[in-house]
Amino acid sequence: MLDTLMLSRIQFAANISFHILFPTITIAMCWFLVFFKVRFDMTGNPVWMRAYRFWVKIFALSFALGVVSGITMSFQFGTNWPGFMEKVGNIAGPLLGYEVLTAFFLEATFLGIMLFGIKRVPPKVHTLACIVVAIGTTLSAFWILSLNSWMQTPTGFEMRDGIAYPTDWFAVIFNPSFPYRLAHMLLASGLTASFMIIGVSCYRLLKGDDKQAPKLTLKVAVIVAAILSPLQAFVGDLHGLNTLEHQPQKIAAMEGVWQTEKGAPLLLFAIPDEENRTNHFEIGIPNMASFILTHELDGEIKGLDQFKGEHPPVKPVFFGFRIMVGLGLLMIAISWFATYTLKKRGQLPTWLMRILVGLTFSGWLATLAGWYVTEIGRQPYLVSGVLKVSDAATQIAPANVGFSLALYLTTYAILLVAYLHTVFLMARRAVEIEEFDMSEKPIKQLPSKGDNAYV
Amino acid sequence: MFDQATLAIIFVSLMGLATLMYAVLDGYDLGVGILLPLDDETSADTMIASIGPFWDANETWLVLAIGLLLIAFPTAHSIVFQALYIPCTFMLIGLIMRGVAFDFRAKAIVAHKRKWDTVFKSGSLLASLAQGYMLGLYVMGFSNTLEAHGFALLSAIGVSAAYTFIGSAWLVMKTEGDLQQKAIAHCKSTVVITFIGILLVSLVNLLISPEIYQKWFDFPYALILIPIPIICASFFVLCWFVLKRLAKQPNIGAALPFFFALLIFTLSFFGLAFSFFPEIVPGKLTIWQAVAAPEALNFMLWGALIVVPTILAYTAFSYRVFWGKVDELRYY
């Protein structure tokens, strides 16, 4: 029988996993939309407007899913993890508060104008509304990652009677892992949005769409992905070095290093064995992990033996890290190849487009894998060295948590299916119907009123 | 820098403002959701279009209100939401249902649109009922008795009726023709139920708590306080007459019922808040016992003082952009 702690953990993991999918899309997609809209304003070329109009619908849908799951998340801090707010609420509270005050209202209010106000405000004000929404989504990432990073590498506080009090807000917000984590997450969002735009654009082209908009969005997103993917590898490496400095136990789990060793190999594959504290079926490149992490071939890497009882479960961290890195390398290879082919031939071969459709949500997988590495990697702590997960959990009856968990899981499963279905449905529909043309003014026939004025 | 006692007052006021904003703003869009007809697609589309640009920002006030409770009064938050765990889950599921249905209905294939409308309507109703139930349990001090749950059930119906009242008043203001006439009829019936609901909650409040009774009827405060329910009641009566006239002349003063609803919500909210002040968990914790550390709250406060007025300003801007009858969207 699962207890309240375990059920709460599953519920929080389910909620955050579902929630993170949508901000990961919307943060960067909003900047894509700003780009499309600004290009339209500058050139007057209606293709940019069509690109905007197609993607703004997917943006709106993703945004709505992010909002509703985010509200659920905000309630769970209090309902399921009261100890979290009691012990570190003086720090977590204001960071969350600033997110609501500076980001949520901004994005939510101007989203109304962005989605429905295109004919009610001058074009420049509308473009400005898009930019404000993009700033809002990015600010929201700023605050939430600041809090998350603080939980990983807490600074700028003192403990009095078991409760954390802030002493230096600058040090709290700009804690040691924050710049790396923020850059890593923003790039992850950029790649997720790019691969989604690439995938859906290819899907339209494969379905026989001969319009300009999908070709244009494909080209833009492929180039963005080709720029961001190597950048992500670089930032990821810096992030790793930062983690080595502040959370060596996480690195040890990621690399599967059970005993402290010099000249540790880079394990391409292995099956970590928690019981016997060793790996099976190791395939590795000698000395490579030491080289990457310490920039010396025989540099020392602390092993899990130094953190007995204080280190995370190894398997999920180890595999999660490999999935993330593997997908990252695939993204670099495929985006470079696609950019090269596009430059040379002006279009992509069918087989490549099929692969790209398959990779539509590769950003989601990489982000989730990376998120598990960093979150599970912090276990058994909720706030590194300050608060253990087990000390923060609620006392409510397990039956209640089980009940809410079942409700959430069902809801999320239905919504995920509906979302994926709808995205491809909208793509198929865009193949058939001629898209709206902004160049004819004034526009007489909007579709039915409820069909959202931005269709 | 403020001391802890002052900060408690400031933050409970900010929380009150956020809660009231939420009740009014999300109140009307939840109400519109409850009224959504399932057999009349044109009306449903117009009704959805009337709340389209606003619902998201409206709901953010809930996040702020709960966020402020969490930040400024963490112990109270933890007591309240552990006690309200199940109704709170229902509320969240309701909010999820309506938030996504709103977007899916516009994008789904035509055959599925009705289904998403059903989801939207039931989500709105579920969220409203859950909120009312939570309010009821709060008023009863979270006691786990049959009477408490019975009262919470009444409160669930009362709050849903109040949201439907302000929602239909919103539609009276934003729509024309048949839909407006229907909205007037809905507004007329819900204004009566809301009146009875508020009356019941007030009476129960006075009956179960001698302290609250004393607060309201103690001389000389009574002289200032007693007019509040009297003024509130007279707004109900005025609203009723305005609605009767609007049925015949729908063009003059169509915004009045919404305006009255706003005043009624505000007065009722102040009544309730006054009854409980300074307690944040009725009978258990005062705001001074529950308040968080001044280091945290002072840091939060400077932001709030700058940002909240900005939020109010751009919210006003957004309402100005979408001012007027919702049908006008067609002409653009």
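**Salt bridges, the chain interface and local features**

In this predicted model, Arg98(B) forms a salt bridge with Glu59(B), and the closest N and O atoms sit 3.2 Å apart. The two residues come from distant parts of the chain, with Arg98(B) in helix H5 of chain B and Glu59(B) in helix H3 of chain B, 39 residues apart.

Arg105(B) is buried, at 0% relative accessibility, and Asp45(B) is buried at 4%.

Over all chains, the count comes to 19 salt bridges. One of them is in chain A, where Asp209(A) and Lys211(A) form a salt bridge with their closest N and O atoms 3.3 Å apart. Asp209(A) counts as buried, at 4% relative accessibility, and Lys211(A) does so at 11%, since the cut-off for buried is under 20%.

Next comes the meeting of the two chains. On the chain B side, 72 residues are in contact with 77 residues of chain A. About 6600 Å² of area is buried between chain B and chain A, and carbon and sulfur atoms give 74% of that. Across this interface the rule finds one salt bridge. It is the one between Glu295(B) and Arg160(A), whose closest N and O atoms are 3.2 Å apart.

Back within chain B, helix H9 (residues 210-217) packs against helix H12 (residues 256-276) at an angle of about 115 degrees, with the axes 9 Å apart. The crossing of H9(B) past H12(B) is right-handed. H9(B) brings Ile212(B), Lys215(B) and Trp216(B) to the contact, while H12(B) brings Gly271(B), Phe274(B), Ser275(B) and Phe276(B). Sorted by class, that makes four nonpolar, two polar and one charged residues.

A cis peptide bond, with omega about 0 degrees, joins Phe277(B) and Pro278(B). Pro278(B) itself lies in the loop between H12 and strand E1 (279-281) of chain B. Chain A has a cis peptide bond too, running from Gln379(A) to Pro380(A) with omega near 0 degrees. Pro380(A) is placed in the loop between helix H12 (362-376) and strand E7 (381-383) of chain A.

Two buried residues give a look at the packing inside each chain. Leu69(B) is found in helix H3 (residues 55-72) of chain B and counts as buried, at 8% relative accessibility. Leaving aside neighbours within four places in sequence, Leu69(B) is in contact with Met15(B), Pro74(B), Ala76(B), His77(B), Phe81(B) and Ile280(B). Tyr28(B), on the other hand, is 41 residues from Leu69(B) along the chain, and the C-alpha atoms of the two are separated by 23 Å. In chain A, Thr137(A) has its place in helix H4 (residues 123-152) and is buried, with a relative accessible area of 3%. Again leaving aside neighbours within four places in sequence, the contacts of Thr137(A) are Thr26(A), Ile27(A), Cys30(A), Phe63(A) and Glu107(A).

Asp161(A) has a phi near 50 degrees, a positive value in a residue other than glycine. Asp161(A) is in the loop between strand E1 (157-160) and strand E2 (163-166) of chain A, and counts as exposed at 81% relative accessibility. For His295(A), phi is near 60 degrees, again a positive value in a residue other than glycine. His295(A) has its place in the loop between helix H9 (288-294) and strand E6 (300-301) of chain A, and is exposed, with a relative accessible area of 52%.

Notes
Residues are numbered from 1 along each chain as its sequence is written. Chains are lettered from A and ligands numbered from 1 in the order in which they are written. This is a predicted model: local features need pLDDT of at least 70, side-chain atom pairs count only at pLDDT 80 or more; totals for chains, interfaces and linings use all residues. Side-chain values use heavy atoms; hydrogens and water are left out. Axes are lines fitted to C-alpha atoms, for helices over the stretch in contact, and angles run from 0 to 180 degrees between N-to-C directions. Helices (H or I, at least four residues) and strands (E, at least two) are DSSP runs, numbered from the N terminus. A crossing is left-handed if the near helix is turned anticlockwise from the far one by less than a right angle, and right-handed if clockwise. Contact means heavy atoms within 4.5 Å. Ala, Val, Leu, Ile, Met, Phe, Trp, Tyr, Cys and Pro count as nonpolar, Asp, Glu, Lys and Arg as charged, and the others, Gly among them, as polar. Buried means under 20% relative accessible area, exposed over 50%, partly exposed in between (1.4 Å probe, protein chains only). Buried area is the accessible area (1.4 Å probe) that two parts lose on being put together, summed over both. A salt bridge is a side-chain nitrogen of Lys or Arg within 4 Å of a carboxyl oxygen of Asp or Glu.
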